[in-house]
Amino acid sequence: MGWGTDLWDQYDVLDKHTQSGLDLVDRYVKFVKERTEIEQNYAKQLRNLSKKYTPKRGSKEEQECRFTNQQAFVDILNEMNDYAGQREIIAENMMLSICLELTKYLQEVKQERKSCLSDAKKAQQTLESSYKQLDNIKKRFEREWREAEKANQNAEKVDQDSTATKADVEKAKVHAHSRTHTAEESRNDYAALLQKYNKEQNQFYFTEIPQIYSKLQEVEERRVRKLAEGYTLFAEMEKRVMPIIGKCLEGIAKAGNNSNTNAERDSMLLVEQHKSGFERPGDLEFEDYSHGMNRASSESSLGTPKGPLDLLGKNKKLWPFSKKKMFTPEKSSPAASEDFGHLPPEQRRKKLQQKMDDIGKELQKEVDQSQALEKMKDVYEKNSQLGDPSSLEPQISQTALNVQRLQGEMQKYESWLIDAGGQALSRHGSTNNNTHDKSGSESSHENNPQAIYTEFDDDFDDEEEIFAPIGQCTALYNFEGSSEGTIPMRTGEVFAVVEEDKGDGWTRVQSASGDEGYIPTSYVKISPGM
């Protein structure tokens, strides 16, 4: 069964059916476009919603994000933002894989359908033209045959007429014979044209129309399959992002679980953040006005809350210092702000310790820079071809000044920390783990704060320390190593790295034979630590 064999006479039906299929494709494309617009608007609204509730930089909400329940909400907003991104991907994929593809295919199908129907019309018009020609020949044959019969009847009548002359009889017979001959020619033309028409008609109904309609059927079936793919992709586009959407939802659930399990941690964090370190206020003394006694001062302890009003925050000065010790950011001197004297004892100790840690990091950086410059200067002095040692003097002097300045700041903050009731045990303690023992240095720091700084200076005097390998390197080029302190190497040779490049372009290595020395860092490829 097929359109070509069973629907050969249903041109109008096929025309309407195929046009209905094209209209369906167009409707589906419009449907998907509106769906993508909904997805894009949904994603936009989700992004705006996330942005609206995300804490702004420097705001109070951002400062509260150190607590897990606050951070959990921020994580949820981030996950929602990612979720919105997946909705945008769905819209984009639908537009590209469904709308654009089907729109392009729809144009191709329209052209093929138009071509098939046009061929069918042309074939039908050709057959109709042949039929009209046949009909004209048929009518001519009919007319000529009647004229011939009439001429023959007239000839017979003239021949039987006794009054007719022989010439009249002969003339009538010649006319009848002529009309009969013409009728025979028309009969032959009609027969030939009829045979031709029947052949064309057979070709039309059994060959041309079946082929055209079968091709139209193939076009329609391909359209159906293509549209079915579009239906499938409608679900597939969303399935592809489901794993990522699932991860977003898992992230939201994880944020909730973290907030649930870290409730106690948040409470302890609040204590750590706002613990003042003050002692609780003692009992108030009885003030006996009946004996005319002067009112006793209730300020028994400096910096201690004097009553419930202070504890409940009724006093606008949040920290319960006495009026003589009370500082505000507007009226405090630079020194008061620098030593964090406006903070409660516990918070002040934390701020001072944090400041000392920051200074310790800067100090360590300057010490490393100083060591690198000294090594570079030493190399330049041993091999003047590599550079001028005097060119490093300004940098060395500046680094020394920086170290001295940072050491002074460290001593200043340590004295403030001791005044605040803390211990001067900074986490920067030892600046070189290879040259000092940590356990010994901490105890010495407690007795002598200056030991923290003198150990930085001792680093410059240690030249014979033993380093454990921290990685490997492979030589990329040959290096003669003719200068003092360097070692030669050959391409492909492997060394153990015992000291990394400090910024001077040289790396200290140990060869397989046990020789140690410096090689150019740019001449080797360094592998990660062993």
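Predicted model: local features only at pLDDT ≥ 70, side-chain atom pairs only at ≥ 80, totals over all residues.
**Entry 1**

**Entry 2: a residue of helix 4**

I stayed with helix 4, which covers residues 68-160, and picked out Gln86 within this helix.

I then turned to the strands and found an open sheet of 5 strands, which runs in the order 4-3-2-1-5 with antiparallel pairing. Which strands stand at the edges of this sheet? Strand 4 (516-520) and strand 5 (524-527) do, and each has a single partner strand, so one side of each is left without a neighbour in the sheet. From one strand to the next, I recorded a twist that averages 45°.

**Entry 3: strand 2 and its partners**

I followed strand 2 in both directions. With strand 1 (residues 471-475), strand 2 (residues 494-499) pairs in the antiparallel sense over 4 bridges, and I noted that Gly471 has Val497 of strand 2 as its bridge partner. With strand 3 (residues 506-510), strand 2 pairs in the antiparallel sense over 3 bridges, and here I saw that Glu499 stands opposite Arg508 in strand 3. The hairpin of strand 2 and strand 3 has 6 residues between the strands, and in this hairpin I marked Gly503, which takes a positive phi near 105°. I also wanted to know how many residues of strand 2 are buried. The count is 5 of the 6, so strand 2 is largely enclosed by the rest of the structure.

**Entry 4: the loop between strand 4 and strand 5**

My last stop was Thr521, whose place is in the loop between strand 4 and strand 5. Thr521 has a relative accessible area of 19% and is buried, a label I could write down because the cut-off for buried is under 20%. I looked up what Thr521 touches, again not counting residues up to four places away in sequence, and wrote down Asp501, Gly505, Trp506, Thr507 and Ile526. For one of these, Gly505, I also noted the spacing along the chain, which is 16 residues from Thr521, while the C-alpha atoms of the two are separated by 5.5 Å. For another, Thr507, I found a polar contact between its side chain and the side chain of Thr521, at 2.7 Å.

Terms used: Residues numbered from 1 in each chain as written. Heavy atoms only, no water. Helix = DSSP H or I, 4+ residues; strand = E, 2+ residues; numbered from the N terminus. Pairing = 2+ DSSP bridges. Axes fitted to C-alpha atoms, helices over the stretch in contact; angles between N-to-C directions. Buried < 20%, exposed > 50% of the residue type's maximum accessible area, 1.4 Å probe, protein only. Contact = heavy atoms within 4.5 Å. Polar contact = N/O pair within 3.5 Å; in protein donor to acceptor, adjacent residues only side chain to side chain.
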